[in-house]
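Me: I am new to this structure and would like to learn how to read a few of its features. Please show it to me first.

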Amino acid sequence: MSLAPTANEIAARARADLRAGLPVVFSDGAKGLIALASETASTDRVEDFRALGAPFIVLSDWRARTLNLPLYEGDIARIALPKDAGSRILKALADPKDDLDRPMKGPFQSLQGPEHGSADDARTAIHFAKSAQLLPAMLCVFRDDAVAIAREHGLTVLPFSVARSQLAESQPFHAVAAARLPMVASEAGRLHVFRPDDGSAEHYAIEIGRPDRDKPVLTRLHSACFTGDVLGSLKCDCGPQLHAALAQMGQDGAGILLYLNQEGRGIGLANKMRAYSLQDQGFDTVEANHRLGFEDDERDFRLGAELLQKLGFASVRLMTNNPRKVEMMGQSGIEVTERVALHVGQNAHNAHYLATKAAKSGHLL
């Protein structure tokens with residue numbers, strides 16, 4: 001018998017620690033990176049990092065470009081923590097909300113070399129912060145005795161191999177519960193709840209009628225949008241798309257709506273609100289994501305394919321304006337026999353947003 005946490009459980013603990021403002025140790029044997037999320041760092045913790053040696057900040061390429069930092073290591077930048085810098089400067093390096101009013105002037109010292117660990121190690125820390133829906137900016141210290149320090153202070157130790165596996169692979173799901181759910185769109189509804197093995201956000205499949213598993217099913221992959229789906233936001237077309245998809249499935253008598261908890265193109269609601277604030281400063285949705293340090297779209301549509309397979313479907317008529325969803329379905333083993341356009345919800349408030357999706361993200365609008 002063993003009560004020790006599995007690799008998935010250690011990774012889940014590490015994400016929770018980073019979100020709570022605790023450091024995490026990414027290890028390679030005894031050595032490794034002691035890492036702290038910039039946005040949740042306290043001044044006391046920053047000073048604790050100084051006491052450990054030579055702390056440095058890792059930023060994603062998009063955030064580094066915004067700050068005009070050189071990218072000597074491709075898609076990340078490593079800079080020395082400025083002398084006497086506290087948590088305020090650390091947060092300003094991570095969060096672009098005040099970039100225009102109070103530009104970061106530096107000078108910043110770019111770092112390279114084995115004394116700071118490898119670029120791949122730093123890159124793993126950044127991508128892991130993203131997976132925790134934190135801004136991709138980390139305060140790090142490389143130590144040969146990182147694991148010993150972790151044990152002394154009760155920190156979570158996550159081997160680099162586990163972190164990289166977590167980031168590269170889609171987490172398997174298991175069914176938690178299902179029940180009949182009469183809805184406005186259809187009285188013959190059924191809700192299935194699926195939970196990933198790493199304990200992260202659950203995803204849902206809404207079954208309309210009793211779709212034939214041997215025929216292409218009318219399907220919508222819908223990413224959660226609290227502002228649009230629940231509040232009726234006019235800044236996007238998500239709410240109207242959700243309701244139009246359900247209505248069409250109800251009219252046809254059968255369909256599957258996959259509701260994926262990937263808010264804000266996968267960056268989370270808090271970062272989505274940060275992006276909205278940047279849009280109020282004049283940046284479009286893609287530019288705002290980049291200034292925050294994220295890619296245009298951080299979602300993983302393989303999740304939808306896995307849910308469909310678990311429900312017994314092999315082919316779909318996919319309701320989407322996004323060719324990337326069609327491509328990802330095919331790559332994940334689900335045949336898309338037809339793309340069904342979904343042109344609803346356009347208004348004066350989201351016209352620029354929709355134009356940006358068409359011009360920069362390839363949506364067919």
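The dialogue below takes up strands, then a pair of helices.

Reply: This is a predicted model, in which local features need pLDDT of at least 70, side-chain atom pairs count only at pLDDT 80 or more, and totals for chains, interfaces and linings use all residues. Residues are numbered from 1 along each chain as its sequence is written, and side-chain values use heavy atoms, with hydrogens and water left out.

Me: Which strands pair with β9?

Reply: Strands (E, at least two residues) and helices (H or I, at least four) are DSSP runs, numbered from the N terminus. Two strands pair if DSSP finds at least two bridges between them. Strand β8 (residues 189–196) pairs with β9 in the antiparallel sense over six bridges, and Phe194 stands opposite His203 in β9. Strand β11 (residues 255–260) also pairs with β9 in the antiparallel sense, over five bridges; there Leu257 is the bridge partner of Ile206.

Me: How many residues lie between β8 and β9 in their hairpin?

Reply: Six, and Gly199 in the turn has a positive phi of about 75°.

Me: Why is β9 described as largely enclosed?

Reply: Buried means under 20% relative accessible area (1.4 Å probe, protein chains only). Five of the six residues of β9 (residues 203–208) are buried, so the rest of the structure largely encloses this strand.

Me: How are two packed helices described?

Reply: By the angle between their axes and the distance between the axes. Axes are lines fitted to C-alpha atoms over the stretch in contact, and angles run from 0 to 180 degrees between N-to-C directions. Helix α12 (residues 285–292) packs against helix α15 (residues 351–361) at about 70°, with the axes 8 Å apart.

Conventions:
Buried < 20%, exposed > 50% of the residue type's maximum accessible area, 1.4 Å probe, protein only.
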